[in-house]
Amino acid sequence: LTPEQNAVIDTGLKEAAAVDGQPDAEYEAKKEEKAAVDWWLCQIKESRDFDAAMYREIATDRGYAAGLSAHDVSVNLIGSAIDVMKSFLYARNPDVACVPARQTSLPTLQRPVVPVPPEDPTARIGAMAQGMAGEGTPGVSLLADPNVQASIAPVLGQYQVSLAKYQQEQQLFQAEMLMYASEMNRRRQLREERKRFSETMEILISKSWQLADLKSEARQAVGAGLTTKLGWMKLAWHEDRGLDPVSVKRLASLQENIALIDVLRAQAAAGSETPNLDAKRQELTEAIAGLQAATEVITARGLIVDAVATEDMTVPLGVTRVAAATGSAPWLAQRVFMRESQALTDFPDVPKECWKKATRYSQRKPKMTVRVAFEDHPGVEVAKDSDASQFFTGANGDTTEMSVSGDGDFLCFHEIWDKKANMVRTVCEGVDRYVRVPHAPEIAVTRFYPFYNMAFVEADGLRYPQSLVGRSRGLQDEYNARRSALKAQRARNKQGILADGTALDHDEAGKIQVSVEGEITYIKTTGTQKSIQNVFMAKPIVQLDPALYEVESVRRDFEEMWGIQQALQGGIQKEQTATEADIQQQGFQARTAFMREPLETMLQEMAVATAEILLQRLTLDDAREYAGEGAVWPEAATVADLGTLVNVTIKAGSTGRPNTASERNAWTQTAPLLMQLTQQIGQLRGASPQETADKLENIVEITLQLSGSSIPVEEVVPQESMPTDQPMDPATGAPEVVAVTRIPAG
């Protein structure tokens, strides 16, 4: 606004405050809030106007991906390539790998040395006495000899001293051994707890992603990245709308339904202001009936994963590389459209009269036309920046296509994540106040932003990355143009018969046109006496030059652009040797591995953020509910402690479609060696039979997975039996007597 307009508004607010007796402090607070909201809306508009050309390219690329074409023949090469790439880039949820964080090893604990007992002198004394007395002298009388006693006294005395010393050393050894066993047990328990906590975190992250339907959202984001330069995702924790201000996806809960019923009841009561009053009352009746038979949870808790449209993310000026905006941008904003009734439910603190000033948007009607007019052919020069969104508004702020639901049209909200101020702000276009009080994120994560993006093709020095669709638009146009030209050429070359008009009467020529198959047609020529062969001739046609309309070169360029060989698209135009096919397969694997890196980087960041969220929101009982009774969960741990406890990673290549044949062949050679080494290492380390059996069971499970079998591993691997008091003899079945040697723990 101009300074003069601001002065007029300021004067009007002061006069209204004087009439209402409004305190000056409250007036100043509302004035500052209005100025802040206006500033943020201006920042968002400035950024979106700056990126208007990018939004036009998004609309163009989506048109090409949808197969919109002004040519007579339309072959959607781009759409089929996107489908193939999506299936290879994201075929399954990634494998989360959580391992205990690396720490310096504890000092080596020396095992106490077993004391050596002194030598028993009995045999030596007997030999000495026998040598002094000679053969045949009884041993008892010999030991009574004073000379013999004098000789063996020093030996017995030394033995007694050594024996006493040995007994002392034995007692000290037992005490040291107890301390050693206790320390080794403590270290083993610490390692075991860290390992079990890693397993618990791994299970919880995978389970949370599965419940949040990560696969469908991630595939949508991958398709957006291939089509519109960037694929954006949002990850947040939801608890009855308390922790996630604006979200497209919602968790069902009775609280939200109750709030919606309250809004409908208020709208039905205000009949004079609510259009379609009968429809509102009917909707209220149905909502109450549904609530009475509800089977939803009372409190909704869980992880929410949304695929955010590229045009709905606003990146501020000054960011030179949008693909890295989550690390460098001072703020990011997400745009969300919702009905007014939903806004009243989500933001109950906003007065009803404030929503009357909100800018209204309408949703575009879907167009399923494949062929369009040439002037509507998708192109950057004809597209508008508003074409990138399904929602639009008129130039004067009024909707151009009103809905008939009686609920008004859609309102546009912007959720602003201000990293510099560590605040989350929510504004609505046209509303001069915050629809939710600005607040710090209730669940803090290390990276602050809940937004994640991936860019498959980046060009140096550009603010936005490129898309494969944008790079191959000309190739699809060239392909369709050649096919259309070939069709037009064939249409011009219509077969026909030429006849000599001087030698054939018009009525006689008509007999040929109306004759049916197999009929004998009698033709009379005029008096020219010409032979019938000289009266008719085939209509000449223009010879087609196939080289002018060949599309193989275009297809090769397209395959080189996308890295997709013919076999992956379901058709082979040229036979290939096994070596050629293998080389192409290796090239495709290298290309998809390169494109999978930004996807895995995004999922890696999401995995770490998920671990930080779960660490703050779940209790030990929650962890045991999802991960089993053996779960370990440090309830007092903070986000800062996560890095010291566990490393959260994504297994490289785990999202792609597995190359089952090559993996099966490699595993056939590796599995026997692994089983042998597992048993040998277990024996050398003194591992328990249970731990060795667990490792062997893992090998069996991997073997079943690679074989394509759906048989559970429990059906082919023996399980633990009930323990008995004594081990049984395999031959007789009777209790077997065995000697048990107890080894100190550790």
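Begin the tour by selecting Lys-229, which takes a positive phi of about 80° just after α8. The model is a predicted one, in which local features need pLDDT of at least 70, side-chain atom pairs count only at pLDDT 80 or more, and totals for chains, interfaces and linings use all residues. Residues are numbered from 1 along each chain as its sequence is written, and side-chain values use heavy atoms, with hydrogens and water left out.

Helix α8 is largely enclosed by the rest of the structure because 11 of its 15 residues are buried (under 20% relative accessible area, with exposed over 50% and partly exposed in between, using a 1.4 Å probe and protein chains only).

Move on to Gln-489 in helix α15, residues 473-492, which counts as buried because its relative accessibility is 12%. Leaving aside its neighbours within four places in sequence, Gln-489 is in contact (heavy atoms within 4.5 Å) with Val-542, Leu-544 and Tyr-549.

Finally, select Leu-673 in helix α22, residues 660-685, which counts as partly exposed because its relative accessibility is 48%.

How values were computed:
Helices (H or I, at least four residues) and strands (E, at least two) are DSSP runs, numbered from the N terminus.
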